[in-house]
Amino acid sequence: ISDFDWSSIDTSNLPSSYKTNSRQEKKLLQLADHFLQQYSHLCPDRKPLFIYPLNECGVQKFVSTTVRPTLLPYPDMYYWSGCASFVSNYLIMEPLKCPITPPSSLYSPTTIVKYQRGNCFDFSVLLCSLLVGAGYDAYCVHGYATLEMCSMDQTQEVCPRLRKPPEVPEKEDPNKYKIKYPLEPKSQFELQQKAKEEEEAKSTQEEEREEEVVEEVEKPKRDSLHGLRVHAWVLVLAGKRKVPETFFINPFTGNNHSTKDECFLGIESIWNDKNYWVNMQDCRNGCKDLNFDLSNRFCWEIMFPESNEASELPPESPKNSTDDMVSDPSDALSTGDPESICLTSLLPTAEYENPFPRGKKVILYDKAKQEKWAAYANRDGLVERLTVYADSDRTEELEVKEWFEHRKDLLYMREVNHQTQQITDHFHPGHPLLLKAHTYTSLEPETGHTVEFYHKARVDGLWKRSETATEMTEYFEEREDLLHKRHIDFGEREPGMEMLGSTAEANARPIVQIKEYFHRNPKKPADEDVEERVFKVIDDVIQLTYHLEIYDIIPSKVVFARVIGREKKEGEIFLSRENTVKYQPWSSEKHKNMRYLYNLLWELRAEQKDLKQLVRDSEAEV
């Protein structure tokens with residue numbers, strides 16, 4: 001229960017229209033009172049309607065005059081989702097003093113915005129004012145809902161961030177020519193054994209049910225006020241703003257619901273800034289079977305029949321009229337109040353961008369907790385955190401997801417897996433190193449890093465690199481040379497190497513082997529198109545494996561090995577038939593030419609030198 005004292009709020013600065021009623025408003029109250037008397041006489045078994053509660057100044061006001069259509073100058077507030085999200089975040093929820101009766105007072109949206117708190121009726125009136133101002137066919141609803149919805153209890157619901165999109169089953173076209181295989185023969189003995197097992201299982205299930213009865217006693221009982229708890233929400237009818245289907249909005253959470261949702265148990269009345277309707281339909285099945293055609297007089301009893309078209313704006317009555325009688329009561333609703341406070345003046349940009357009155361908002365879900373902050377509230381740019389737990393008591397953390405805004409390094413999301421101890425950072429395009437994602441367990445080098453890049457912005461087409469203490473693998477896309485993978489194996493550093501210097505070159509890991517993999521180039525014959533290149537740096541061996549033709553089984557290979565017993569000199573290329581191993585199923589004669597192989601080896605040596613430098617650059621980049 002809130003400890004805020006509404007009786008102590010300052011109403012001295014409010015306009016005079018908040019403290020008194022004009023002639024038109026008094027006539028509206030008379031008509032509303034007459035309507036209420038007729039309704040009570042014709043429907044004595046139904047509860048009193050919520051028509052003219054007291055405002056913050058203790059003056060009776062017709063509920064439709066409390067809805068003030070307003071369009072705030074922010075892009076998100078032009079859509080229902082932005083309005084609903086803002087109201088649910090900006091206001092602090094207060095429960096009704098009596099859960100089975102509507103409140104005796106209904107404050108204006110300006111007062112609710114000023115103090116940033118209210119009950120479900122206050123939430124709904126503010127949200128409806130924003131939606132009508134944005135052009136939606138929206139209505140405040142006075143009805144009944146479940147305990148969880150009235151108390152904003154979402155501990156039994158799945159967090160929206162964790163909901164998986166529904167899988168669309170693939171429709172298989174029936175084929176009448178499909179081969180029908182004979183059914184497998186079934187043993188009658190096995191069927192009898194299954195029947196006996198089922199009978200035994202039934203007896204064990206009955207015993208388990210008896211145990212469950214004892215356990216159910218410990219579970220919370222069914223709500224004793226189920227079906228009686230009063231709640232207010234917003235109805236948005238289809239039609240305006242291209243809304244395809246009528247739906248509800250729960251103002252406490254900002255979530256949309258189907259009109260067939262079982263959480264909504266019934267409707268007493270609805271209203272907007274133009275009129276008031278009473279539901280005359282049976283709500284035994286909740287709101288599932290309700291007809292929301294407001295022009296249907298059998299389903300909805302309207303207060304002012306002259307303006308039964310909700311989308312029609314009645315003409316304003318002249319301000320200098322001296323006639324005490326109102327020819328059209330809806331004119332009083334459509335007449336603008338020059339002394340009313342504008343909601344826009346109460347919501348400057350600073351207030352709109354910091355919607356959480358307590359600094360942050362915490363929402364508890366089933367096995368999850370969601371925390372929200374305003375932008376710039378945290379120095380690291382954190383605006384949202386979702387913690388996933390293993391149990392309903394939320395004691396053992398499984399995963400934590402954090403969202404960021406306005407960071408210089410363009411980090412927008414971080415995932416922490418407590419089971420694998422892995423952390424994954426996600427970045428927007430524009431990072432200096434073109435990072436897309438970075439997965440690691442520690443920021444220390446050589447401890448296991450997997451980095452993804454925006455490869456289209458890179459010259460080398462690199463889209464992923466994974467590195468450990470002993471190996472590194474790089475993946476490429478859309479390269480002209482058709483390279484798609486490079487794998488490097490590292491050896492262990494010699495003892496004392498780390499003491500030689502602090503530079504990366506002094507402490508570099510020895511490169512043992514470099515492997516490169518290429519896609520097939522259809523412009524070349526398969527026996528001239530390299531599929532795999534292996535550079536065994538320490539052993540001084542180079543191995544080439546070529547692609548296969550369609551009907552080939554074993555690929556062509558060339559291996560350049562080091563001559564045993566001959567010292568290697570820098571810049572020297574030594575080639576003989578002894579240190580060259582060839583498997584030549586191809587028909588091309590140039591592979592048998594030693595000069596061709598010599599030139600090929602010369603090119604591979606130069607590429608190996610460049611590759612070693614590329615590997616060092618990759619290490620430095622990581």
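Helices (H or I, at least four residues) and strands (E, at least two) are DSSP runs, numbered from the N terminus. The model described here is predicted. In it, Leu 410 is found in the loop between strand 13 and strand 14. Phi of Leu 410 is near 65°, a positive value in a residue other than glycine. Leu 410 counts as partly exposed, because its relative accessibility is 24%. The loop, between strand 13 (397-404) and strand 14 (411-417), also holds His 406. His 406 is not a glycine either, yet has a positive phi of about 60°. With 55% relative accessibility, over the 50% cut-off, His 406 counts as exposed.

Trp 271 has Tyr 276 of strand 8 as its bridge partner.

Tyr 276 also belongs to the largest nonpolar core, which has 61 residues. Along with Ile 51, Phe 62, Phe 121, Leu 131 and Val 236, Tyr 276 touches the most other members. Helix 5 (residues 120-133) supplies the largest share of this core, ten residues. Beyond its neighbours within four places in sequence, Val 236 is in contact with residues including Leu 131, Tyr 136, Phe 247 and Ile 249. Another core, of 32 residues, lies apart from the largest one. Among its members are Leu 411, Leu 435, Leu 544 and Leu 600.

Notes: Residues are numbered from 1 along each chain as its sequence is written. This is a predicted model: local features need pLDDT of at least 70, side-chain atom pairs count only at pLDDT 80 or more; totals for chains, interfaces and linings use all residues. Side-chain values use heavy atoms; hydrogens and water are left out. Two strands pair if DSSP finds at least two bridges between them. A nonpolar core is a set of buried Ala, Val, Leu, Ile, Met, Phe, Trp, Tyr and Cys residues joined through side-chain atoms within 4.5 Å. Buried means under 20% relative accessible area, exposed over 50%, partly exposed in between (1.4 Å probe, protein chains only). Contact means heavy atoms within 4.5 Å.
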